[in-house]
Amino acid sequence: MKKKRLILWRIILGILIVLNIAVIFGFSGENAAKSSQTSGSVTEKVAEVVVPDFDKKPIEEQKQIVKKMEPPVRKLAHFSEYASLGGLIFLFLLSWDGAVLWRFLPRLAFRQFML
């Protein structure tokens with residue numbers, strides 16, 4: 001029973017890792033106009049939640065707020081994409097026996113630094 005649960009856990013994590021990579025590639029493949037539009041709409045939603053009385057402010061002031069907030073929101077989005085991928089990969093690796101993990105982890109780390 002425990003073995004089946006572990007295999008199911010690995011399959012779910014594997015699927016989530018592939019989906020996360022697909023999302024990263026999907027966003028990376030957007031042209032500048034589409035990326036800016038996506039980022040602007042997300043930033044506007046964030047501003048509605050974070051900035052008090054955002055909806056009551058004049059349109060020009062709303063645009064300035066969104067323009068000022070956009071770079072940090074984009075950076076946070078990029079960080080979140082890669083942090084979630086790293087977390088999923090870490091959980092996937094933890095699902096194996098420690099001996100297996102410690103046998104392959106130094107090789108992976110070395111390969112990353114050598115690229």
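**Charged pairs and their surroundings**

Modeller: Lysine 57 is partly exposed, because its relative accessibility of 24% falls between the limits of 20% for buried and 50% for exposed. Everything here comes from a predicted model. Lysine 57 pairs with glutamate 61 in a salt bridge, and the closest N and O atoms are 3.9 Å apart. Glutamate 61 is also partly exposed, with a relative accessible area of 33%. Side chains of opposite charge can pair when their charged atoms come close.

Another pair joins lysine 56 and aspartate 53. Here the closest N and O atoms are 4.0 Å apart. The cut-off for a salt bridge is 4 Å. Lysine 56 is exposed, because its relative accessibility is 72% and the exposed class begins over 50%. In total, the count is 2 salt bridges.

Now the nonpolar side. In soluble globular proteins, nonpolar side chains tend to be buried together. The largest nonpolar core has 6 residues: Ala47, Val51, Phe54, Ile65, Val66 and Met69. Helix α3 gives the most to this core, with 3 residues. Apart from this core lies another, of 5 residues, including Leu13, Ile17, Leu85 and Leu88.

Take valine 66, one of the residues of the largest core. With neighbours within four places in sequence set aside, valine 66 is in contact with Gly40, Thr43, Glu44 and Phe54. Follow that list to threonine 43, in helix α2. Threonine 43 is buried, because its relative accessible area is 0%, under the 20% limit. Residues up to four places away in sequence are not counted in what follows: threonine 43 touches Val66, Met69, Glu70 and Val73. Two of these names, Val66 and Met69, also belong to the largest nonpolar core.

Next, the open space. Rolling a probe the size of a water molecule over the atoms shows where empty space is left. The largest pocket has a volume of about 340 Å³. It is lined by 15 residues, and the closest to its centre are Phe27, Ser35, Ala77, His78 and Glu81. Three helices each supply at least two lining residues: α1 (2–28), α2 (32–50) and α3 (59–94). The largest share, 6 residues, comes from α3. By class, the lining splits into 6 nonpolar, 6 polar and 3 charged residues.

Serine 35 is one of the residues closest to the pocket centre. It sits in helix α2. Serine 35 counts as buried, because its relative accessible area is 18% and the limit is under 20%. Setting aside neighbours within four places in sequence, serine 35 is in contact with Glu30 and Arg74.

One more lysine for comparison with the pairs. Lysine 75 lies in helix α3. Lysine 75 is exposed, because its relative accessibility is 63%, over the 50% limit.

The salt bridges join lysine 56 to aspartate 53 and lysine 57 to glutamate 61.

Definitions and conventions
Residues are numbered from 1 along each chain as its sequence is written. This is a predicted model: local features need pLDDT of at least 70, side-chain atom pairs count only at pLDDT 80 or more; totals for chains, interfaces and linings use all residues. Side-chain values use heavy atoms; hydrogens and water are left out. A salt bridge is a side-chain nitrogen of Lys or Arg within 4 Å of a carboxyl oxygen of Asp or Glu. Buried means under 20% relative accessible area, exposed over 50%, partly exposed in between (1.4 Å probe, protein chains only). On a 1 Å grid over the protein atoms alone, a cavity is a set of points where a 1.4 Å probe fits but cannot get out, and a pocket is an open set with protein on both sides within 12 Å along at least five of seven lines; lining residues have an atom within 4 Å of a point. Grid points are joined across faces, edges and corners, and a volume is the space filled by probe spheres set on the points. Helices (H or I, at least four residues) and strands (E, at least two) are DSSP runs, numbered from the N terminus. Ala, Val, Leu, Ile, Met, Phe, Trp, Tyr, Cys and Pro count as nonpolar, Asp, Glu, Lys and Arg as charged, and the others, Gly among them, as polar. A nonpolar core is a set of buried Ala, Val, Leu, Ile, Met, Phe, Trp, Tyr and Cys residues joined through side-chain atoms within 4.5 Å. Contact means heavy atoms within 4.5 Å.
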